[in-house]
Amino acid sequence: MSTIIDRRNVLGRLGACGALAATPFLSGCAGPQVQSYAQEKPQLDLRTYFNGTIDAWGVFTDRSGQVVKRFTVVMDCSWQGDEGVLDEAFVYSDGTKQRRIWRLKAGANGAYTGQADDVVGQATGQVSGNAFRWGYTLALPVDGRVWQVDFDDWMYLMDARVMLNKATMSKFGIKLGEVTLSFTRRTPLPGLAGNQP
């Protein structure tokens, strides 16, 4: 659900990189697996959490760990059966704005797919326990060219209102930076009000 924050600064530093490689999410390399969180509570139901209005606050950090830009997001989310729409309105610390509309589809056993106008192909994700792992590629215009940047996006439900999100961005297998967000539902999740993990 994340976005690029300072495309010119980040992608401009990439330069000539090494051999082409995929993100860990897409390549299946060693690393955290979403199934490791199967017993973690509270259990995440993506269709229930992303339903209604959600506020988010985030930062983008470059490869050195420096905060490049801050942003806020207001999400209007709704579902009809297994199909959901997540309408995200971003406002960045420099005053610029961006909108992304995700169209998600729930599959069997916690699987999800999604599309948005600037997503290359189809995003794929999996819920397990309190976690959701989401992999996708964004097509980003930078100085007259279009870069395809891979996202390995993790979300963790904390309680009835808060979910944390951390996404790693890469190009040619080289880490460009991270996007970190905190989502807060305006109304608590049913059955979890007042509960702590």
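To begin, which residue in β2 is the bridge partner of Thr53?

Mentor: The bridge partner of Thr53 in β2 is Asp76. Keep in mind that this is a predicted model.

Now the rings. The whole structure holds 15 aromatic pairs. One of them is formed by Tyr49 and Phe50, with ring centres 5.2 Å apart. Their planes meet at 85 degrees, and a pair counts as edge-to-face when that angle is over 60 degrees, so this pair is edge-to-face. Tyr49 counts as buried because its relative accessibility is 0%, and the limit for buried is under 20%. Phe50 is buried too, with a relative accessible area of 0%.

Trp154 and Tyr156 make a stacked pair, with 6.0 Å from centre to centre and 10 degrees between the planes. Trp154 has a relative accessible area of 8% and is therefore buried. Tyr156, at 23%, counts as partly exposed.

Tyr49 has a further contact: the charged end of Arg185 sits over its ring, 5.9 Å from the centre. Likewise, the charged end of Lys171 sits over the ring of Phe172, at 4.6 Å from the ring centre.

Tyr156 also leads back to the strands. Its bridge partner in β9 is Leu164. Strand β8, residues 145-157, pairs with strand β9, residues 162-171, in the antiparallel sense over eight bridges, and the two form a hairpin with four residues between them.

On another side of β8 pairing, strand β7, residues 131-142, runs antiparallel to β8, and twelve bridges join them. Among these strands' residues, Trp134 has Asp153 in β8 as its bridge partner. The hairpin of β7 and β8 has two residues between the strands, and Asp143 there takes a positive phi near 50 degrees. Trp134 is also part of one aromatic cluster, together with Trp79, Trp102, Tyr112, Phe132, Tyr136 and Phe151.

Conventions: Residues are numbered from 1 along each chain as its sequence is written. This is a predicted model: local features need pLDDT of at least 70, side-chain atom pairs count only at pLDDT 80 or more; totals for chains, interfaces and linings use all residues. Side-chain values use heavy atoms; hydrogens and water are left out. Two strands pair if DSSP finds at least two bridges between them. Rings of Phe, Tyr and Trp (its six-membered ring) pair if their centres lie within 6.5 Å; planes under 30 degrees apart count as stacked, over 60 as edge-to-face and the rest as tilted. Buried means under 20% relative accessible area, exposed over 50%, partly exposed in between (1.4 Å probe, protein chains only). A charge sits over a ring if NZ of Lys or CZ of Arg is within 6 Å of the ring centre and within 35 degrees of the ring normal.
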